[in-house]
Amino acid sequence: MSRIPGRLAVAAAVALALAVAACGGGGGGAAKSSSGQVKSLRVLDYYNNEPDKGIYDKVLNACGKANGVTIQREVVPGDTLIQKVLQQSSSKTLPDVLMLDNPDLQQIAASGALAPLDQFGLNANGYVKGVVDASTYQGKLYGLQPITTTNGLFYNKDILKRAGVQPPKTWEQLKAAAQKLTQGKQYGMAFSAPPNYEGTWQFLPFMWSNGGDEKNIATPQTTKALQLLVDLVKSGSASKSVLNWTQADVNDQFKAGNAAMMVNGPWQFPVLNQEKSLHYGVVPVPAPKTGQTVVSPLGGETWTVPQTGDKAKQAKAAKIVACLNSDDNQLLLAKERQTVPTKSALQAQFVQSQPSMKTFSSLVADARARTGELGPDWPKAATKIYTAEQAALTGQAAPAKALEQAQNG
């Protein structure tokens with residue numbers, strides 16, 4: 001998945017420093033070319049845990065072999081990647097291929113540290129619109145993202161069946177179902193609302209689907225979305241612990257039978273499937289009313305070509321980015337990582353082979369990039385959103401007042 005918390009705040013602080021470094025050649029000094037044939041490429045990413053680390057080892061090495069180069073890969077923890085990029089930009093040692101969490105791309109592109117991909121003949125024709133938006137800055141494409149993800153509503157089939165409850169499709173149905181499914185230590189609904197970007201990520205489907213907008217969160221549309229979550233907690237249908245739960249915590253509650261429904265993503269499938277007695281399904285996060293479109297956020301990572309100043313290596317790096325985004329590799333990575341390919345034409349084939357991903361595949365078509373409207377300013381809006389959510393869920397302020405204070409704060 002897109003590792004939601006933490007990194008955007010670092011990226012915001014880093015953008016200016018990167019811009020200064022980029023003026024000196026974007027991390028590669030004055031423009032130069034490799035002497036002779038390019039034999040190796042340096043790659044930097046944050047897939048430092050298994051199985052992701054091993055999956056990308058295989059795919060990157062295969063792409064390197066297909067293009068006649070050896071891949072020298074460096075893997076760092078997710079919350080240190082942007083700081084690493086800053087250091088490398090300052091010392092003019094940027095990698096030849098750089099992976100970025102998609103909300104970080106526009107900030108890094110704005111610094112001048114990345115090369116527009118059209119220089120290498122690459123484009124994003126046929127990709128899901130939201131993914132293209134996330135990798136575009138000022139009309140230029142800077143990254144290609146092979147797979148994406150979003151969130152949906154998971155439900156415990158056995159618990160709902162015993163209660164005679166159908167998976168909810170609207171907010172009213174969600175409130176009624178959550179209330180009926182709450183009994184004893186079992187909550188009807190679980191979600192993640194901590195004071196960080198993870199809380200914002202989980203709130204976005206409710207806000208966006210009701211017409212809320214990050215340019216100004218102090219609106220009736222966003223107020224109604226926040227009121228829904230407040231009502232779920234106030235009524236006891238959701239635990240007050242949502243204020244601190246990460247998405248992994250929410251998943252643990254659901255897996256243990258302490259929550260009948262939860263908002264989460266397909267990256268949780270491997271953990272849930274370890275519990276053989278757990279029978280679950282996934283539907284879209286409920287829409288405000290029947291017939292309305294659910295708009296969810298797009299996660300995932302995009303692959304870029306930094307401005308190293310070495311034209312020959314940049315051209316070869318672009319071939320690696322293209323290889324990672326081939327039809328075969330999109331389908332392979334989506335299957336192995338429980339994610340969704342980003343090319344629209346691959347969706348039907350993918351769902352046929354991975355039926356458990358049907359809901360998420362259908363959501364991706366209408367999903368939005370978090371940076372689609374505000375670009376590099378998205379982190380400021382994300383902070384306002386989770387700040388308001390915390391204030392409202394703790395009872396410090398009514399939803400409308402919490403949003404107004406956060407917007408103007």
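At what angle do the axes of helix H7 (residues 171-181) and helix H9 (residues 220-234) cross? This is a predicted model, in which local features need pLDDT of at least 70 and side-chain atom pairs count only at pLDDT 80 or more, while totals for chains, interfaces and linings use all residues. Residues are numbered from 1 along each chain as its sequence is written, and side-chain values use heavy atoms, with hydrogens and water left out.

**View 1. Packing of helices H7 and H9.** The two axes cross at roughly 10° and come within 10 Å (axes are lines fitted to C-alpha atoms over the stretch in contact, with angles from 0 to 180 degrees between N-to-C directions; helices are DSSP runs of H or I, at least four residues, numbered from the N terminus). H7 and H9 are therefore roughly parallel, a term for angles under 35 degrees. Trp-171, Leu-174, Lys-175 and Ala-178 of H7 meet Lys-224, Ala-225, Leu-228, Asp-231 and Leu-232 of H9, contact meaning heavy atoms within 4.5 Å.

**View 2. The disulfide of Cys-63 and Cys-323.** The sulfur atoms lie 2.1 Å apart, where a disulfide is a pair of cysteine sulfur atoms within 2.5 Å. Cys-63 lies in helix H2 (residues 52-66) and Cys-323 in helix H12 (residues 311-324), so the pair ties together parts that are 260 residues apart in sequence. Both cysteines are buried, that is, under 20% relative accessible area with a 1.4 Å probe, protein chains only.

**View 3. Residues 1-13, with pLDDT under 50.** Across the chain the mean pLDDT is 92, on the predictor's confidence scale from 0 to 100 for each residue.

Note on methods. Helices (H or I, at least four residues) and strands (E, at least two) are DSSP runs, numbered from the N terminus. Buried means under 20% relative accessible area, exposed over 50%, partly exposed in between (1.4 Å probe, protein chains only). Angles under 35 degrees count as roughly parallel, over 145 as roughly antiparallel, 65 to 115 as roughly perpendicular and the rest as oblique.
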